[in-house]
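Hello,

Here is the model I promised to pass on. Please open it alongside this message, and then read on for my notes.

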Amino acid sequence: MTQTREDVPLIFERSQPGRRGVTPPVTEGAPLETLLGREHLRSEPPRLPEVSELDLVRHYTNLAHRQFSIDGNVYPLGSCTMKYNPKVHEEAASLFSDVHPEQDDGSVQGTLGLLWHLARDLSEITGMDQVTLQPAAGAHGELTGILMIRAFHEANGEGAQRRTVIVPDAAHGTNPATAGMVGYDVVEVPTGEDGEVDVGALRAALGPDTAAVMLTNPSTVGIFEGRILEIAEAAHAVGAQVYYDGANLNAIVGKARPGDMGFDVVHLNLHKTFTTPHGGGGPGTGPVGVKAHLAPFLPGPVIEREGERYVVQEDRPNSVGRMRSHHGNVGNLVRAYAYIRSLGPDGLADVAEKAVLNANYLRKRLEEQGFSMAYDRTCMHEFVAQPPGELRTLDLAKALLDEGMHPMTVYFPLVVKEAMMVEPTETEALETLDAYAEALGRVTRRAQQDAEWLAGAPYMTPVRRLDEVLAARTPILRWTPSEAVDAVQGEAAD
Ligand SMILES: *Cc1c(COP(=O)(O)O)cnc(C)c1O
């Protein structure tokens, strides 16, 4: 985050009547009224700022400098995989920007072929039999997967009997939320002292009413479930399905496969593991892979290969239905394909090795700075630390912002007091990890001596400590020029 001057005027304050950045061409042919229909025309012109091109460039550049981004510095937000995404993947995605989703299949064979190959690659990476590329986010993939599990039980005549979904207490919040949305009762099982799910409690929760067990492996505390085969076997023994939350696959990609661990369904977050930039609200993609017994329930349409041609198969009588318009977020799918093909199997395995190595290195460096670990053992792609003494995680996270570095995920998972969940990712260099550990050590030492300084941090950021309760209770989600002007005038009147 770069320090920006408070007095840089924003776009509406730069506006001068009659000033222009671009002059759109005069429309030729039929008048807009005929083309659009009178009812779609504005009755009065929109209130837009009137600025030169340079003013506009400065406006967006200044806004960008107020924003923290992975292109600026390290961003080790646990469970979010904020890693660097090579720019060449943007170029690959832009090659497909002229394709329209309504084009007939004959004219988009290249796009359909890419999607078909990507689905096959993801099946191989996850150890699943078939993959849908439709879902637009991780949570959307979960919804798709759990709907398929429900359809499977219904097809077996067990829809009414199977009422519960088992979820560990450290799970990502979307897991219980998804199960609840599909109409299941959520049964929570605790995490043991070693960071693994309490298998005794899980076995006790399993029964003829269990529809599914949802697990993340490695879990959200960054620990690999060593007893995963036993868990999957116990779940299958009572007729339940096992769901894998694969949002952060970079811990195991190219090394181990959910399909081989006994999972029936898996979703991936292409916008975490497979190179789509995220975090700024851009489109995500959450493909879902299934074992063959669930394939009839996959959302349609499905792309199939018939000889040399790719066809879109719409006729799917048992499908849970369409989850997304057209073929999903195709730009992200192209990025993922470029990423997988440029790395190859060895490159993907290298991703996992570096993700785990970086996390363990940073874990040790933070121990040297006085932090303790919630689970004192080798971690996978992330770990959960706790601050020394009586220090509060939130304060240290705020102070770290003044070092120009993004804090880790704070207060998640809820089962760890003052949790700091750190995921450095595979793309950070040794020197950056050292710098992060040292910066965190520096603010911690100062915090231990100067409570007043700590309470006021951060000092250098464009906005200081926000009133988070107010922001959550009364969010202003829509910005309009008239409100902005009113606010400025209101301030002037004060
Ligand atoms: C990010 C994440 C999700 C949710 O993904 P979205 O794309 O934000 O919906 C689910 N599970 C885990 C473990 C995650 O890290």
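A word on the ground rules before we start. This is a predicted model, so local features need pLDDT of at least 70 and side-chain atom pairs count only at pLDDT 80 or more, while totals for chains, interfaces and linings use all residues. Residues are numbered from 1 along each chain as its sequence is written, and side-chain values use heavy atoms, with hydrogens and water left out. Helices (H or I, at least four residues) and strands (E, at least two) are DSSP runs, numbered from the N terminus.

Let me begin with the backbone. Most peptide bonds are trans, and most residues other than glycine have a negative phi. Against that background, a cis peptide bond links Asn217 to Pro218, with omega about 5°. Pro218 sits in the loop between strand S4 (210-215) and helix H9 (228-237). Another cis bond joins Gly300 and Pro301, where omega is about -5°; Pro301 belongs to the loop between strand S7 (288-290) and strand S8 (302-306).

Positive phi angles turn up too. Ser79 is not a glycine, yet its phi is positive, at about 70°. You will find Ser79 in the loop between helix H3 (53-65) and helix H4 (88-94). Its relative accessibility is 5%, so Ser79 counts as buried (buried means under 20% relative accessible area, exposed over 50%, partly exposed in between, with a 1.4 Å probe and protein chains only). Thr425, also not a glycine, has a positive phi of about 70° and lies in the loop between strand S13 (420-422) and helix H12 (430-449). At 1% relative accessibility, Thr425 is buried.

Now to strand S4. How many of the 6 residues of S4 are buried? The count is 6 of the 6, so S4 is largely enclosed by the rest of the structure. Two strands pair if DSSP finds at least two bridges between them. S4 runs parallel to strand S2 (residues 164-168), joined by 3 bridges, and Ile166 has Val213 in S4 as its bridge partner. S4 also runs parallel to strand S5 (residues 241-246), here with 4 bridges; Met214 stands opposite Tyr243 in S5. From S4 the chain crosses through H9 to S5, and this β-α-β crossover is right-handed (with the strands pointing away from the viewer, the path from the first strand over the helix to the second runs clockwise).

There is also an open sheet of 4 strands, in the order S10-S11-S13-S12, with antiparallel pairing. At its edges are strand S10 (372-373) and strand S12 (409-410), each of which pairs on one side only. Strand S11 (residues 383-386) is joined to S13 by 3 bridges, and Ala385 has Met420 in S13 as its bridge partner. Helix H10 (residues 330-368) lies across S10, S11 and S13, at about 10° to S11 (axes are lines fitted to C-alpha atoms, for helices over the stretch in contact, meaning heavy atoms within 4.5 Å, and angles run from 0 to 180 degrees between N-to-C directions).

Last comes helix H5 (residues 109-126). At 1.5 Å a residue, its 18 residues should span 26 Å, and its end C-alpha atoms are 26 Å apart, which agrees (the expected span is 1.5 Å times one less than the number of residues). H5 is mostly covered, with 14 of its 18 residues buried. Just after H5, Gly127 takes a positive phi of about 75°.

Best wishes
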